[in-house]
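Okay, thanks for coming, everyone. Let me put the structure up and then walk you through a few spots in it.

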Amino acid sequence: MDLQANPDELFKALSDPTRRALFERLSREGELTVHRLTERSGVSQPAVSKHLGQLREAGLVRDRRAGRETHYSARPQALAPLLDWMKSYATFWNDRLDRLENLLDRMDQ
Amino acid sequence: MNTPEASTRTLVIERKLSHPASKVWRALTQGALMEEWLMKNDFQPVAGHRFSFRAEPNPHWNGIIECQVLAVEPNQRLSYSWGSLGLESTVTFTLTPVEGGVLLRMEQSGFRPDQEQAYQGAKYGWKRFIDGLERVVGKLT
């Protein structure tokens, strides 16, 4: 079975709805400061910073210090393992359905 | 016929098989036959039954797929949940009679983390995120 990709860390980072919301917003609006991200998030600034740290660990966002503010931006290319993993199922099922057809040819009615 | 159609949230593969539906159904639902084309298993064609598929483990994966039977409609439709690597999806086989055989449709959908249950009702669901994935990924190329 060819499901080598291990996107566990990525899934963990994205398993939290607040982190997904932060990532989505950065994907949509481009670079934003922690301050701006906190405004409409419904959670405290320290909590937002912690979530951003976890997203950064997973490679989903990058940060840039400018004066007293930290600016964050999305790195959508970090989603590639997730997509690869899903696509690997296409190969898997095509292979298994070939085997199913082969089995059906060998089975009695 | 061979029509893979991969997207980020649903995988659909259709094949026309020159065999009667009842025979294809046996291959889909009898454990020993399933092992021949799919994987070792302890499947029972009973809704609610929990079972697992076991493949060869590799360094990244224990080879176990945890499943639960969701729907059994003899000769027509079989559906089970499919959980591995912390992601859960649903696999559904549908059989539609066609001239000279049957059309088999395999659909794997709803890729989402196992933990999603904990976020039922969450304002920002995983499904919505996955829905947005294609748009995000579209920007990559």
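I'll start with a helix in chain A, then move over to chain B.

Quick housekeeping: this is a predicted model, so local features need pLDDT of at least 70 and side-chain atom pairs count only at pLDDT 80 or more, while totals for chains, interfaces and linings use all residues. Residues are numbered from 1 along each chain as its sequence is written, with chains lettered from A and ligands numbered from 1 in the order in which they are written.

First, helix α4 of chain A, residues 45-57; helices here are DSSP runs of H or I, at least four residues, and strands are E runs of at least two, numbered from the N terminus. α4(A) has 13 residues and spans 18 Å from first C-alpha to last, close to the 18 Å expected at 1.5 Å a residue (that's 1.5 Å times one less than the number of residues).

Which residues of α4(A) are buried? V48(A), H51(A), L52(A) and L55(A). Buried means 20 or more other C-beta atoms within 10 Å of a residue's own, exposed means 12 or fewer, and partly exposed is in between, with C-beta atoms placed from the backbone. Those four cover an arc of only 100° around the axis, so they sit on the same side of α4(A); the arc is taken from the directions from helix axis to C-beta atoms. The face turned away carries exposed P46(A), G53(A) and E57(A). Just after α4(A), G59(A) has a positive phi of about 80°.

Over in chain B, K40(B) sits in strand β3, residues 40-41. K40(B) is partly exposed, because 14 other C-beta atoms lie within 10 Å.
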